[in-house]
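Colleague: I have a new model open on my screen and would like to go through it with you. Could you take a few questions?

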Amino acid sequence: MLSIIWFIMLVISFVCALVTGRMEALSRAAIEGADKAVKLIISMAGSMCLWTGIMKIADGGGLTKAAARLLSPVLGLLMPEYRKNSKAMGAVSANVTANILGLGNAATPLGIAAMKEMQKTNRLKSAPNNSMVMFVVINTASVQLIPTTIAAMRQAAGSASPYSIVPYVWVTSVLSLLAGLLIAKLLSARGGVNESNR
Amino acid sequence: MNQIGEYIVPVVIVFVVVFGACRKVDLFDSFTKGAKEGIESLVSVAPSLIGLVIAVSMLEASGFFDIVSQILAPVCSFVAIPPEVVPLGLMRPVTGSGSFAILNNILEKYGADSMIGRTASVMAGSTETTFYAIAVYYGSCGVKKTRHTVPAALTADLLGMLFAAWSVKLF
């Protein structure tokens with residue numbers, strides 16, 4: 001997938017530069033781009049480590065577990081098939097909590113564990129039931145307390161207030177998550193029956 | 001809403017440290033372990049980020065983004081989003097590194113605190129790499145069909161783009 005995208009980007013830039021007569025700029029950009037990427041990574045490193053370090057303390061103190069307990073009933077409403085399956089709900093809420101706290105490295109394995117657990121009682125193995133779709137939709141939305149990568153990039157780009165966008169990110173991500181859940185709900189009902197569990 | 005942003009960093013840090021101290025966490029040891037993980041994950045994304053920043057820099061230098069913005073300007077002004085952020089919106093669901101490369105280009109070109117820079121930041125921060133998540137999660141348990149996952153997730157992404165632009169504009 002990335003190979004195709006990368007290939008298209010490079011070819012388009014060559015064709016565009018040929019048409020607009022910017023071949024010299026293109027040549028410079030190729031070399032400077034590599035340089036820019038390394039500088040970006042280095043200037044992001046500090047604030048990224050600040051947050052991964054702080055969130056490790058939160059995790060060690062059991063904040064992740066406590067938050068997961070709070071979230072579990074809410075998530076149960078979205079995934080009725082598994083409301084009483086404590087193993088599945090445990091993995092689901094641990095994944096969502098890890099996402100909220102920005103523990104990206106921990107979130108993915110937890111999410112995979114949750115999916116495997118849900119798959120066990122999913123009747124039609126090749127298609128997800130409504131609860132599994134809900135779970136994936138939650139994971140395709142961003143539910144992060146502090147958008148650390150974005151803030152680090154803003155800092156690297158010389159922003160006067162890298163974190164000023166955070167409240168906007170909260171509002172936007174909550175609204176788009178709600179929209180995603182609502183649409184998933186509507187589309188799942190449209191088929192009449194939850195076909196995978198018929 | 002800008003004032004809230006100023007409080008978030010210190011409040012979260014102090015809250016977590018006090019919480020950790022109450023729970024008798026070895027604070028500094030945990031912090032350094034976490035920071036090490038941060039370095040490791042940056043190192044692991046570095047190669048793909050380098051590749052994609054090169055490609056985005058070349059697209060920028062070729063004038064491609066300016067042409068796209070001009071073409072999209074009428075449509076974008078209709079829904080009140082800056083056309084400059086559309087390439088970011090198209091890239092965001094597909095590749096994380098690719099969208100960060102585009103975001104970085106926007107922040108450098110227009111300034112991180114400009115309307116365009118802020119809109120792009122909110123867009124990138126409030127959406128996820130949708131197709132990656134779908135592939136990883138369904139792939140991990142052998143589910144072949146995705147039913148209504150893609151339409152629901154992509155509509156949410158599209159709405160996220162619009163909400164991002166509107167929230168920055170309104171408040």
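What follows is a short exchange about this predicted model.

Colleague: Happy to start with the chains: how many residues of chain B are in contact with chain A, and how many of chain A with chain B?

Modeller: Contact here asks for heavy atoms within 4.5 Å. On that rule both chains contribute to the interface, with 95 residues from chain A and, from chain B, 93.

Colleague: And what area is buried between chain B and chain A?

Modeller: The size of an interface is often given as the accessible area lost when the parts come together. Carbon and sulfur atoms give 76% of the area buried between chain B and chain A. The total is about 8000 Å².

Colleague: Which element gives the largest share of the side of chain B that touches chain A?

Modeller: Between chain B and chain A, 22 residue pairs are in polar contact. Several elements of chain B give two or more residues to the side that touches chain A, among them helix 1 (2–22), helix 3 (64–79) and helix 8 (149–170). The largest share is 25 residues, and it comes from helix 2 of chain B.

Colleague: Let's turn to charges. Which residue of chain B forms a salt bridge with K36(A)?

Modeller: Side chains of opposite charge can pair when their charged atoms come close. The rule finds three salt bridges across the interface of chain B and chain A. In the one that involves K36(A), the closest N and O atoms are 3.5 Å apart, and the partner is E108(B).

Colleague: Why does that pair join two chains?

Modeller: With E108(B) and K36(A), the closest N and O atoms are 3.5 Å apart, which makes the salt bridge. The pair joins two chains because K36(A) lies in helix 2 of chain A, while E108(B) lies in helix 5 (residues 96–110) of chain B.

Colleague: Within chain A, how far apart are the closest N and O atoms of K39(A) and D35(A)?

Modeller: Both residues lie in helix 2 (residues 23–60) of chain A, four residues apart, about one turn of the helix. K39(A) is exposed at 53% relative accessible area, and D35(A) is partly exposed at 42%. The closest N and O atoms of this salt bridge are separated by 2.9 Å.

Colleague: Is K36(B) buried or exposed?

Modeller: K36(B) forms a salt bridge with E40(B), and the two sit four residues apart in helix 2 of chain B. E40(B) counts as partly exposed at 43% relative accessibility. For K36(B) the relative accessible area is 54%, and over 50% means exposed.

Colleague: On to the rings: is the pair of F28(B) and F31(B) stacked or edge-to-face?

Modeller: The structure holds six aromatic pairs over all chains. The ring centres of F28(B) and F31(B) are 6.3 Å apart and their planes meet at 25°; since planes under 30 degrees apart count that way, the pair is stacked.

Colleague: Last one: what distance separates the end C-alpha atoms of helix 5 of chain A?

Modeller: Helix 5 (residues 104–120) of chain A has 17 residues, and at 1.5 Å a residue they should span 24 Å. Its buried residues, including A107(A), G111(A) and M115(A), pack against helix 4 (86–100) and helix 6 (130–140) of chain A together with helix 7 (130–140) of chain B.

Technical notes:
Residues numbered from 1 in each chain as written. Chains lettered and ligands numbered in written order. Predicted model: local features only at pLDDT ≥ 70, side-chain atom pairs only at ≥ 80, totals over all residues. Heavy atoms only, no water. Expected span 1.5 Å × (residues − 1). Buried < 20%, exposed > 50% of the residue type's maximum accessible area, 1.4 Å probe, protein only. Phe/Tyr/Trp six-rings, centres within 6.5 Å; stacked < 30°, edge-to-face > 60°. Salt bridge = Lys/Arg side-chain N within 4 Å of Asp/Glu carboxyl O. Buried area = accessible area lost by both parts, 1.4 Å probe. Polar contact = N/O pair within 3.5 Å; in protein donor to acceptor, adjacent residues only side chain to side chain.
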